[in-house]
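Morning, everyone. I have one model to show, and I will take it in two parts. Here it is.

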Amino acid sequence: MSKTILITGGAGFIGSHVVRLMVNKYPDYQILNLDALTYAGNLENLKDIESCSNYEFIRGDITDMEAVNRIFREYRPDGVIHLAAESHVDRSISDPLAFIRTNVIGTVNLLNAARDVWHEKPDDKRFYHISTDEVYGSLGNTGFFTEETAYDPRSPYSASKASSDHMVRAWHHTYNLPFVISNCSNNYGPNQFPEKLIPLAINNIKHKKSIPIYGKGENVRDWLYVEDHAAAIDLIFHRGKNGETYNIGGNNEWTNIDLIRKICQVMDKALNREPGDSEKLITFVKDRAGHDKRYAIDSSKLMTELEWKPSLQFEEGIEKTVKWYLDNEEWMNDVISGDYAKYYSRQYDNR
Ligand code: NAD
Ligand code: TDX
């Protein structure tokens, strides 16, 4: 094996797409997937590659310092792609400490372990930290986040991600740890847990349940197909410059209400319903506390320096996504059979 790469959070939504890409594209790499399998982690996401000889799953919690140190000493990875995180803003509002534990302390455990095993020969190593556009705060009607935009996180989730970004840079400056960071906009596609807007809406429309839209639905997000994010991660991991940050976005802004109307149209067609049927399910509910108004990413650095561009137009991406959820009923049923109903009722009843 030419390289051992430790991917954290590889059983989650984006992580599973990154693991699949790396396992298939680099047969000479040993790909390790370290994941605690929280409610968001699901090994079903990786069924197609789980028996590949260059893949190994390690169940472990990044908040467990001893376990993290042991894994680094045993496997001595050449690179880390760190995706493990608590990732849902609404959950961070009701349980911020869980976000501090995993996103901040868990990241520091990984940084310390990498520093300790890499200290003799750090130059050919790389710690790649996957972050979010939410660290930059909220935009008005115009403008874009660039890599120079000052951090201004406004939710417990984004503050915990901003904090972990700062930790990574601090370990670089203090201990010479080689790193890259990328900050990406909202992802959509197969395997996303249905607490997030798009799969939640698809699942509710399918079952003719109301689609909860926070506030007036005027908030804007920039949506990127998950496989395009995974391709960008591959590129940045291999060709990004040590110590640099790259923004990744879809150049694809939608207000939540327009996005949901679009999904309703695609679903009406896919389910042979009358045009306009699904839109009747739209329900405006109490707004999210501190709801960021608009995110929009300027990815020109990544596009010019590393020649990345998204491969899918949104129209095609959303049709593929709807089709995947409709074709993978069992995946959705498994995912919502556990604590999901309790979460849903805590989050949306009496809203
Ligand atoms: P996800 O919630 O779907 O998956 C997170 C994964 O991390 C799960 O498999 C979970 O089991 C694992 N995990 C959680 N806590 C852990 C712990 N303590 N130890 C080990 N594993 C743990 O998240 P996602 O949407 O795939 O996001 C992945 C990363 O990308 C996160 O760092 C997130 O901040 C970032 N990101 C996400 C988006 C998005 O739109 N989803 C956009 C930009 C950046
Ligand atoms: O029921 C809902 N109704 C609603 O109107 C939900 C779940 C969300 N929303 C709104 C809130 C946001 O404006 O839809 C938008 C998208 O919400 P989420 O899917 O929860 O994503 P967001 O809060 O934008 O954060 C996502 O993108 C950045 C990911 O969850 C983060 O992990 C990532 O960093």
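Which residues lie nearest the centre of the second largest pocket? Keep in mind that this is a predicted model. The answer is Asp-90, Arg-91, Ile-93, Ser-94 and Gln-347. They belong to a lining of 17 residues. The space inside is about 330 Å³.

Now the elements. Helix H3 (89-94), helix H4 (96-118) and helix H12 (340-348) each give two or more residues to this lining. H3 supplies the largest share, four residues.

On to ligand 1. There are 28 residues around it, and Ile-14, Asp-35, Ser-87, Tyr-157 and Lys-161 come nearest.

Look at the polar side chains. Tyr-157 places a side-chain N or O atom 2.7 Å from an oxygen atom of ligand 1. Asp-61 has a polar side-chain atom 2.8 Å from a nitrogen atom of the ligand. For Thr-102, a polar side-chain atom sits 3.1 Å from a ligand nitrogen.

How much of ligand 1 does the protein cover? On its own, the ligand has 840 Å² of accessible area, and the protein covers 96% of that.

Which elements give two or more residues to the shell? They are helix H1 (13-25), strand E5 (126-132), helix H5 (156-175) and strand E7 (186-188). E5 gives the most, with three residues. The shell splits into 13 nonpolar, twelve polar and three charged residues.

That covers both sites. Over to you.

Key: Residues are numbered from 1 along each chain as its sequence is written. Chains are lettered from A and ligands numbered from 1 in the order in which they are written. This is a predicted model: local features need pLDDT of at least 70, side-chain atom pairs count only at pLDDT 80 or more; totals for chains, interfaces and linings use all residues. Side-chain values use heavy atoms; hydrogens and water are left out. On a 1 Å grid over the protein atoms alone, a cavity is a set of points where a 1.4 Å probe fits but cannot get out, and a pocket is an open set with protein on both sides within 12 Å along at least five of seven lines; lining residues have an atom within 4 Å of a point. Grid points are joined across faces, edges and corners, and a volume is the space filled by probe spheres set on the points. A residue is near a molecule or strand if one of its heavy atoms lies within 4 Å of it. A polar contact is a pair of N or O atoms within 3.5 Å; within protein, one must be able to donate a hydrogen and the other to accept it, and residues adjacent in sequence count only if both atoms are side-chain atoms. Accessible areas come from the Shrake-Rupley method with a 1.4 Å probe; for residues, only the protein chains shown count as cover. Ala, Val, Leu, Ile, Met, Phe, Trp, Tyr, Cys and Pro count as nonpolar, Asp, Glu, Lys and Arg as charged, and the others, Gly among them, as polar.
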